[in-house]
Amino acid sequence: MTPRRRRLALVLGIVAGVAIAGALGLSAFRQNVTFFFDPSAVTAGKVPPGEGFRLGGMVTKGSLRRDPGSLEVRFVVTDFQHDVPVSYSGVLPDLFREGAGVVAHGRMQGGTFVADEVLAKHDEKYMPPAVAESLKRHGESREGLVTPPAATPQAAPPAGPTANTGS
Amino acid sequence: MLPELGHFALILALLLAALQAFFGIAGPMFRRERWVAAVTPAVAGQAVMVATAMGCLIASFVGDDFSVAYVAENSNSALPLIYRVAALWGAHEGSLLLWIMLLAVWTVAVAVYANRLPRLFAARVLGVLGVISFGFLLFTLATSNPFLRLDPPALDGRDLNPILQDPGLAGHPPVLYTGYVGFAVAFAFACGAMLEGRMDQNWARWTRPWVTAAWAFLGCGIAMGSFWAYYELGWGGFWFWDPVECASFMPWLVGTALIHSIAVTDKRGLFKSWTLLLSVLAFSLSLLGTFLVRSGVLVSVHSFAADPSRGVFILSFLIVMIGGALSLYAWRAPLLKSPAGFDLGARESFLLFNNVLLVIAAATVLAGTLAPLISGALKLGTVSVGPQFFNPTFMLSMLPLLALLSVGIHAGWKRGRLGTQLRTLLYTFIAAAVFGCGLVYGIYSHGHLLTPVGATLGIWIILSSLVDPVDRLRRGLSLPRAVVGMTIAHIGLATAVIALTTVQSFTNEKDLSLAPGTSAAVGGYQFRFDGVRPIEGPNYDGVGGTVVVTRNGAPIAVLKPQKRQYWVQHQVTTETAIHYSRGNNILVALGDDLGANRWSVRIQIRPLVSFIWLAAVIMALGGAIAISDRRYRLTKVAVEIPRAAGTAPEHA
């Protein structure tokens with residue numbers, strides 16, 4: 001092969017490699033991106049049946065139920081328009097509490113959201129923007145409930161992963 | 001008084017950085033000797049001023065000066081001394097100051113080393129560093145001044161976020177930032193070369209140690225963060241593909257590509273413009289990471305208090321720096337010609353593919369990190385991108401990279417005749433496959449499809465890396481430190497591959513509900529829960545549990561996980577208890593009081609997980625050994641020859 005043709009082969013090989021990687025990446029993207037829904041969207045039936053997604057909102061005060069001694073816990077997530085009952089089995093994150101924001105991953109099973117992962121942010125005053133926005137959209141203006149992120153005085157650490165439970 | 005002094009020092013540092021930038025860039029341009037001579041004093045003055053500011057802030061923290069807003073928000077009189085110092089970089093303003101301080105340290109190091117460089121080139125490099133420093137100082141003073149006073153002063157501080165009250169906080173951010181900021185040096189060297197419109201193999205030799213050092217620090221910093229997350233966050237994960245983890249990982253990937261590309265530039269004078277581009281890219285990704293963390297545009301644990309003005313400032317700075325550097329590149333890069341070609345089977349080809357794959361990996365991570373932002377901006381719905389996306393796509397580019405490494409390491413420069421090495425290749429691969437599969441099925445007797453693949457690739461890399469050094473030793477040839485360093489770094493990579501494969505395949509995790517006195521079996525171990533009792537620390541109280549771990553009746557460990565409630569912020573944290581034994585880590589975390597005298601307990605057994613962090617240390621060690629190679633110390637001589645020869649051609 002002449003140097004020119006060799007270079008051409010090399011360039012073509014790289015282009016093909018990048019194209020394949022791009023195509024595979026895109027399809028991985030389609031399959032593996034998780035959508036976020038608030039309780040109103042869930043109630044309106046916007047969630048494709050059987051599909052895993054993230055549910056975000058506030059834990060309704062007084063909704064936490066647990067049979068004594070059992071890992072199984074039930075609570076209600078609300079955006080003050082609609083409620084979604086959630087069940088989860090496992091250790092809840094440190095910052096999980098009634099009246100605070102929460103994001104859970106799982107899927108709907110017969111009207112209940114069965115969570116396999118409950119996420120909480122490091123900072124108790126930190127509201128995930130998606131949750132804050134959803135609460136704002138639903139006209140919730142009870143003071144103290146929706147803390148805009150700008151009012152967050154505390155810092156999170158400079159690197160390291162999200163606190164979560166489950167895997 | 002001290003905060004005002006610090007504030008004033010910071011303003012002086014800003015002015016000195018402006019002078020450093022101006023003299024450093026304009027001096028060589030207009031050939032003003034005096035301007036060039038003024039650069040080094042400006043560097044020294046700026047460093048002294050930044051150190052003064054840093055000292056003032058530390059003094060305010062240690063002296064519990066709660067009239068300073070930043071101290072009042074991040075410290076407390078009950079906070080132990082070490083955390084009062086570390087609290088300095090516990091939040092946005094202070095960590096920016098740390099950034100600036102570390103940049104000043106790197107700049108001073110370059111200035112000290114500059115006597116080995118051509119004078120004008122050194123001035124340009126320091127000038128570019130001055131521009132970066134100026135931008136960050138301006139940012140700090142304009143939007144995030146840590147010295148602002150509270151009136152009236154707070155009676156006591158609001159305490160450091162309890163999750164940060166950990167020795168990990170003392171080490172992780174400084175090391176990580178040292179790596180981040182270190183890529184500014186490579187960036188400055190690249191800009192210096194482009195301003196000069198000249199780049200030769202000497203340039204590569206000057207720049208290489210800096211790139212390697214920054215890369216090693218960044219790797220260690222990432223590993224420290226991962227280790228800290230593992231034991232502190234209470235759920236035993238070591239990597240979450242959190243946006244900010246990704247932000248630190250991308251410069252590391254591009255930095256790895258840069259290390260390999262600059263090696264080709266050094267040895268063969270090729271890939272010149274690509275090396276420049278990677279230098280710009282690595283630092284751009286560091287800046288992008290800073291932007292992502294500071295602006296709060298992405299949902300992350302690391303999201304500091306979001307302030308739109310900060311985001312806008314960093315974004316503008318990002319555009320100026322990257323846009324400027326890329327324009328310079330577009331203007332100057334065509335001047336750089338590579339003198340020679342190479343065969344398809346030569347080492348250069350393999351390093352080219354290495355670079356392509358690493359950049360693809362960085363691009364996939366970037367795509368995944370930015371996808372939620374883009375999707376949100378285009379109103380496509382709120383999405384989150386997690387391990388389900390990152391793991392397979394990342395592996396897609398990493399598996400071929402690992403295989404190519406084992407093959408390419410045998411290839412010679414310029415001429416590719418892998419035929420002569422075919423036997424070595426085959427033997428090492430068979431040995432690795434037998435060993436890898438034997439280990440996997442011998443020890444664990446089960447596994448995913450990828451488990452033997454990962455083990456085989458890892459062992460293959462180790463064997464292949466050792467072929468050349470062993471061969472050299474046997475033939476009585478010298479073994480340069482650069483080769484030793486490279487071999488060690490590759491063995492570190494192989495360690496990481498093997499450890500990651502094992503952890504991903506064989507982690508055993510269970511959440512249990514246990515009453516005192518009862519036991520549970522997880523992964524061949526017996527865990528007996530002995531109940532909880534109250535505990536009290538300097539600024540918290542809580543409960544501590546006791547879990548006795550045995551294996552076939554033989555005692556293994558007594559683990560005492562805690563659940564702490566910090567007084568000032570009323571925040572609960574989980575303190576895990578971990579038993580480290582021959583890489584098989586047993587982690588126990590205490591959950592909640594479930595009622596009926598039972599507690600939830602998380603038990604997790606991760607084999608070889610410690611080797612992931614060890615791998616980062618091995619890689620950094622390899623980098624350190626490579627830096628100490630003689631060839632980087634002899635550059636003074638190499639520099640003088642072309643300069644003495646005047647306009648002589650730069651290297652054949």
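Which residues does T424(B) touch, not counting residues up to four places away in sequence?

Guide: Keep in mind that this is a predicted model. Leaving aside residues up to four places away in sequence, T424(B) touches H410(B) and V467(B). T424(B) itself sits in helix α15 of chain B, which covers residues 422-444. For a sense of distance, take L328(B): 96 residues separate T424(B) from L328(B) in sequence, and their C-alpha atoms are 45 Å apart in space.

Next come two helices of chain B. Helix α16 of chain B spans residues 450-474, helix α17 of chain B spans residues 481-506, and the two pack with their axes 9 Å apart at an angle of about 170°. Because angles over 145 degrees count as roughly antiparallel, α16(B) is roughly antiparallel to α17(B). On the α16(B) side the contact includes L450(B), G454(B), I461(B) and P469(B), and on the α17(B) side the residues include V483(B), H490(B), V497(B) and S505(B). Sorted by class, the residues of this contact are 14 nonpolar, eight polar and no charged.

The nonpolar core is the next topic. The largest nonpolar core has 244 residues, and the members that touch the most others are A184(B), A186(B) and V254(B). Helix α9 of chain B, residues 201-232, gives this core its largest share, 19 residues. Take V254(B) as an example: not counting residues up to four places away in sequence, V254(B) touches L278(B), L281(B), A282(B), L285(B), V359(B) and A362(B).

Chain B can also be viewed by its domains. Domain 1 runs over 1-165 and domain 2 over 508-609. The C-alpha centres of these two domains of chain B lie 42 Å apart. Eight residues of domain 1 of chain B are in contact with seven residues of domain 2 of chain B. The domain 1 side of that contact has five nonpolar, one polar and two charged residues.

Last, chain A. Chain A has three helices and seven strands, and along the sequence they follow the pattern α-β-α-β-β-β-β-β-β-α. Chain A has 167 residues, of which 43% count as buried.

Key:
Residues are numbered from 1 along each chain as its sequence is written. Chains are lettered from A and ligands numbered from 1 in the order in which they are written. This is a predicted model: local features need pLDDT of at least 70, side-chain atom pairs count only at pLDDT 80 or more; totals for chains, interfaces and linings use all residues. Axes are lines fitted to C-alpha atoms, for helices over the stretch in contact, and angles run from 0 to 180 degrees between N-to-C directions. Helices (H or I, at least four residues) and strands (E, at least two) are DSSP runs, numbered from the N terminus. Angles under 35 degrees count as roughly parallel, over 145 as roughly antiparallel, 65 to 115 as roughly perpendicular and the rest as oblique. Two residues are in contact if their C-beta atoms, placed from the backbone, lie within 7 Å. Ala, Val, Leu, Ile, Met, Phe, Trp, Tyr, Cys and Pro count as nonpolar, Asp, Glu, Lys and Arg as charged, and the others, Gly among them, as polar. Domain bounds come from an automatic or database domain assignment. A nonpolar core is a set of buried Ala, Val, Leu, Ile, Met, Phe, Trp, Tyr and Cys residues joined through C-beta atoms within 7 Å. A residue is buried if 20 or more other C-beta atoms lie within 10 Å of its own, exposed if 12 or fewer, and partly exposed in between; C-beta atoms are placed from the backbone.
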